[in-house]
Amino acid sequence: MPPEAGAGIAYHQALNPAQLEAVRFGDGPLLVLAGAGSGKTRTLTYRVARLVEEGVDPRSILLLSFTRKASQEMLQRASLLLDARCRDVAGGTFHSFANATLRRYAAVIGFEQGFTIIDRGDAEDLIGIIRKEMDPPGDGRQLPRKSTLATIFSRAVNKQRPLEDVLYDDYGHFSDMVDTITTIREQYTRRKREHHFLDYDDLLIHLHLLLTEYEAVRQRLAAKYRYIMVDEYQDTNPIQADIVSLLADAHHNVMVVGDDAQSIYAFRGADYQNILDFPKRFQGTRIVKLEENYRSLQPILDFTNRLIESADAQYSKCLFTRRHGGLPPVLVMTAGENAQSRYVVREVARLRREGTSLDRMAILFRAGFHAFDLELELNRAGIPFKKVGGFKFTESAHIKDLLAHLRIVAAPDDQLSWRRVLGLIEKIGPKTADRIFAAVRAHSQGAGGLLSAPLKMKNQAKLQPLKDLIGALTDAPEAVARWGELVFSYYLPILRAKYDDHPRRQRDLEQLLAIMARYRHLDDFLSDMVLEPPSTAIEDGLAAAEPTAECLTLSTIHSAKGLEWDTVFILWALDGRFPSMRSMEDPDDLEEERRLMYVAATRAERELHFTCPVQIFDRATQSLLCDPSRFLDGIPENVLRRENYPDW
Ligand SMILES: Nc1ncnc2c1ncn2[C@@H]1O[C@H](COP(=O)(O)OP(=O)(O)OP(=O)(O)O)[C@@H](O)[C@H]1O
């Protein structure tokens, strides 16, 4: 039991005056502008504990955050501070909250039989099927690819803009196909309805709809959640901001926490304008700024304050710390990409000799491929690393294969999963798969329909092992782990035949089985796999051989958000790479790149290195890139040191 338990929480000792003000704030709207490393997590945690301590029913508090892990950690910490009541607080992401609420009110919005959530890959596959059926424009031009179509549709939803506007503004070269693209979207919407599918965006759309069209439901939800808290508010999109307003409309007890300088999800529709507009949405908003940083040494903050000072519209903040000492960050010009990798390897080795653990160092970059050369050098030097970001566990083919078998049992109307499952059987193509699916569906006995559906003789034999599996699954009582084992045994021979690197993939599947063992209901497991997929690094380097060994982190900047390391290296601080050439065409994109660099730099506690390989040929513009990132221009030597590697 912590010392404070029972004797009341020692707020004064744990919090600085600004944090304390936010924690003790009474009813009404509150905007907490929390600089990087200024303790926003701590502030939210203590506020939850305080509300509960003062007698607020924990079930009437709703804490929305960017990942479920973040909200779970906050609630766990709040429980340690106060007591187990804090675990009853409703916490999660916008999407998981939408999922839970829509399941409760499914009948209201016309999903009496429930729904299946499809991930981005499935959404693209469905769009791909429709795209194939459409006539090409006729002039030899190609329709946008399925992934581009999915991005266009999603952008329209998340920015709440008409499809045509998104096409004209962001994809001008496809704007003459607006009619065909609109038809594809209509078809996509229709098919999703038919199969009871909701994609990620639909979760928000339907929740929004539920709150705007069904006043009685909105009132019930508003009465239920008397205190609303939102973490990372700068990364909300317009629908999410509306959802918060609709829920809080009746009482205005809403606290949002965020940092406009760290908004890096505009490409997903996030709009940092939400945080700037919050006081307009909620009259009488109290604004509290958290400016004391507990993470970095002062020379790092001197640099990051400079970096963000030139950003456009923002709330002004000036971070400071009581931690002094340390050197200013360094910008190292390297003679090409390989020299960049060798510089990083040399410095990592030096830090290690000086006693810094590899776990306390990170190499950050904008896109996964920016680190390929470095990965080779690290392997050569025998430095173990793990690579995070880019692509997710559940997006890999073998994981999707295994999940598809479970999905046809949970949702027998899921045509995409049937196609996948049947497509794994030798000599069954998409057409046969669709015929079998139609026969099973006509039988209306769920997946068990496969056992009795009239099928061609030649298909009967091929399907026997799958039939046995479905028979076993439908006979076994609902035990998620057991079902996982059954599918795993069935799938193992397929995996071995299909992939040369099956041992590594088999380890992933075993990990998935371990995760399954934590679930009681298959629906919950499958929904979580779409909403909160495990963030396991699949592309591990040498570390993969010894998962527990100390290792270096290689990460995209987006995946490094909220994390911290003793030493951080930021690769490719070269104008044309960071900011990228593309972002230079649009001032908003350029600003987002600056914030991305700010997020990366504020992860460092003690040492910060930028590397800039020069004389890089850019194919798109046919030019040589030689200058450091424009964001570093004009920063004086006493704030950012400059070096060459190797000396030239
Ligand atoms: N009042 C305080 N006294 C001492 N340490 C604190 C205080 N507030 C926060 N910290 C410490 O500062 C560190 C950063 O806090 P936290 O993770 O909450 O930052 P953050 O604001 O979420 O950062 P970011 O937005 O950059 O991800 C943590 O180690 C936390 O324990």
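# Exercises: ligand shell, sheets and helix packing

By class, the residues in the shell around the ligand are four nonpolar, eight polar and four charged. The structure is a predicted model.

## Exercise 1: the ligand shell

Task: Which residues come nearest the ligand, and which helix gives the largest share of the shell?

Solution. 
- Step 1. Take the 16 residues around the ligand. Ala36, Gly39, Lys40, Thr41 and Tyr294 come nearest.
- Step 2. Helix α3, residues 40-53, supplies three residues, the largest share of the shell.

## Exercise 2: the six-stranded sheet

Task: In what order do the six strands of the open sheet run, and in which sense do they pair?

Solution. 
- Step 1. Read across the sheet. The order is β3-β2-β6-β7-β1-β8, and the pairing is parallel.
- Step 2. Find the edges. They are β3 (90-92) and β8 (286-290), each of which pairs on one side only.
- Step 3. Zoom in on one pair. β1 (residues 30-34) joins β7 (residues 254-258) in the parallel sense, over four bridges. Leucine 31 has valine 256 in β7 as its bridge partner.
- Step 4. α4 (residues 68-81) lies across β2 (61-64) and β3. Its direction is at about 140 degrees to β3.

## Exercise 3: α17 against α22

Task: At what angle do α17 and α22 pack, and how far apart are their axes?

Solution. 
- Step 1. Two packed helices are described by the angle between their axes and the distance between the axes.
- Step 2. α17 (residues 397-410) and α22 (residues 480-498) pack at about 130 degrees, with axes 10 Å apart.
- Step 3. Classify. At that angle, α17 is therefore oblique to α22.
- Step 4. α17 passes α22 in a right-handed crossing.
- Step 5. List the contact. From α17 come His398, Asp401, Leu402, His405 and Leu406. They meet Trp483, Val487, Phe488, Tyr491 and Leu495 of α22.
- Step 6. Sort by class. This contact of α17 with α22 has seven nonpolar, two polar and one charged residues.

## Exercise 4: α17 against α23

Task: What is the crossing angle of α17 and α23, and which residues make the contact?

Solution. 
- Step 1. Read the geometry. The axes of α17 and α23 (residues 502-516) come within 9 Å and cross at roughly 45 degrees.
- Step 2. Classify. That angle makes α17 oblique to α23.
- Step 3. α17 and α23 make a right-handed crossing.
- Step 4. Name the residues. α17 brings His398, Ile399 and Leu402; α23 brings Arg505, Asp508, Leu509 and Leu512.
- Step 5. Sort by class. The contact of α17 with α23 divides into four nonpolar, one polar and two charged residues.

Definitions and conventions: Residues are numbered from 1 along each chain as its sequence is written. This is a predicted model: local features need pLDDT of at least 70, side-chain atom pairs count only at pLDDT 80 or more; totals for chains, interfaces and linings use all residues. Two strands pair if DSSP finds at least two bridges between them. Helices (H or I, at least four residues) and strands (E, at least two) are DSSP runs, numbered from the N terminus. Two residues are in contact if their C-beta atoms, placed from the backbone, lie within 7 Å. Axes are lines fitted to C-alpha atoms, for helices over the stretch in contact, and angles run from 0 to 180 degrees between N-to-C directions. A residue is near a molecule or strand if its C-beta atom, placed from the backbone, lies within 6 Å of it. Ala, Val, Leu, Ile, Met, Phe, Trp, Tyr, Cys and Pro count as nonpolar, Asp, Glu, Lys and Arg as charged, and the others, Gly among them, as polar. Angles under 35 degrees count as roughly parallel, over 145 as roughly antiparallel, 65 to 115 as roughly perpendicular and the rest as oblique. A crossing is left-handed if the near helix is turned anticlockwise from the far one by less than a right angle, and right-handed if clockwise.
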